[in-house]
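Take a look at the chain below.

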Amino acid sequence: MNNPVKSKHVVVLCHPDPHSFNAAVADKYCAEVTARGQDVVLRDLYRMKFDPVLQGNEQPGSSRYFQSPHVAHELDVIADAAFLVFVYPIWFGSPPAMLKGYVDRVLGADVTVRAIQTASGPSRLAGTQLLSLTSSGASQIWLDEQGEWKSLLQLFDHYLTRAFAMASSEHVHFSS
């Protein structure tokens, strides 16, 4: 009998309702990963009361740079992730502000604009696979017609994959 490859999945759920469709998707994903003998960690940003506001002294390269203990803990959580999974609704053509704040404060911790532009310096997420699981009240056709779908993929998934030297990205959308 073959042993499954152990790999850590970090699931970041961003929805204010703990009984939402997105929460059910995150729970099902976590259950399936566990059933396959792999490790999974669920980070429910609303239940954690995650503060999405990037403080001035949290900007890398600043002479006053400071990494909060909360951000340092999140960095420890994602450090050895093989898969980073974002589960969120599409609101006004983009992820909720809290998820964007998670990207700014956690994924962007210690990363300067110059390092991203020149692809220099180590990336904590190098080789990690990004999976986005999203929902919306609109149909896929409508999202395409409005340009929302293409924009979301470019501005979020593809950008994060390139900026943080991630291995790949995949996006699964549950429309109306």
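## Terms and overall fold

Helices here are DSSP runs of H or I with at least four residues, strands are runs of E with at least two, and both are numbered from the N terminus. The model is predicted.

The chain has 7 helices and 5 strands. Read from the N terminus, the order is β-α-β-α-α-β-α-α-β-α-α-β.

## Size and packing

How does the radius of gyration of the chain agree with that of a compact globule? For 176 residues, such a globule would have a radius near 16 Å; the chain has 16 Å, so the two agree. The C-alpha trace spans about 50 × 45 × 30 Å along its principal axes.

Of the 176 residues, 42% are buried. Among contacts with a separation of 6 or more, 79% are between residues 24 or more positions apart.

## Surface and charge

The accessible surface is about 9500 Å². Carbon and sulfur atoms account for 56% of that surface.

The chain carries 14 positive and 17 negative charges. Their mean positions lie 5 Å apart.

Strand β3 covers residues 83-89. Buried means under 20% relative accessible area. By that cut-off, 6 of the 7 residues of β3 are buried, so the strand is largely enclosed by the rest of the structure.

Which strands pair with β3? One is β1, residues 8-13, which runs parallel to β3 and is joined to it by 5 bridges. Valine 11 has valine 85 in β3 as its bridge partner. Another is β4, residues 129-135, which pairs with β3 in the parallel sense over 7 bridges. There, phenylalanine 83 has glutamine 129 in β4 as its bridge partner.

## Two loop residues with positive phi

Lysine 49 is not a glycine, yet its phi is positive, at about 55°. Lysine 49 sits in the loop between α2 (45-48) and α3 (69-78). Is lysine 49 buried or exposed? Its relative accessibility is 71%, so lysine 49 counts as exposed.

Aspartate 110 also has a positive phi without being a glycine; the value is near 70°. Its place is in the loop between α4 (97-107) and α5 (113-118). Aspartate 110 has 40% relative accessibility, so it counts as partly exposed.

Note on methods:
Residues are numbered from 1 along each chain as its sequence is written. This is a predicted model: local features need pLDDT of at least 70, side-chain atom pairs count only at pLDDT 80 or more; totals for chains, interfaces and linings use all residues. Side-chain values use heavy atoms; hydrogens and water are left out. The radius of gyration is taken over C-alpha atoms; the globule rule is 2.2 Å times the number of residues to the power 0.38. Buried means under 20% relative accessible area, exposed over 50%, partly exposed in between (1.4 Å probe, protein chains only). Contact means heavy atoms within 4.5 Å. Accessible areas come from the Shrake-Rupley method with a 1.4 Å probe; for residues, only the protein chains shown count as cover. Lys and Arg count as positive and Asp and Glu as negative; His and the chain ends are not counted. The place of a charge is taken as NZ of Lys, CZ of Arg, CG of Asp or CD of Glu. Two strands pair if DSSP finds at least two bridges between them.
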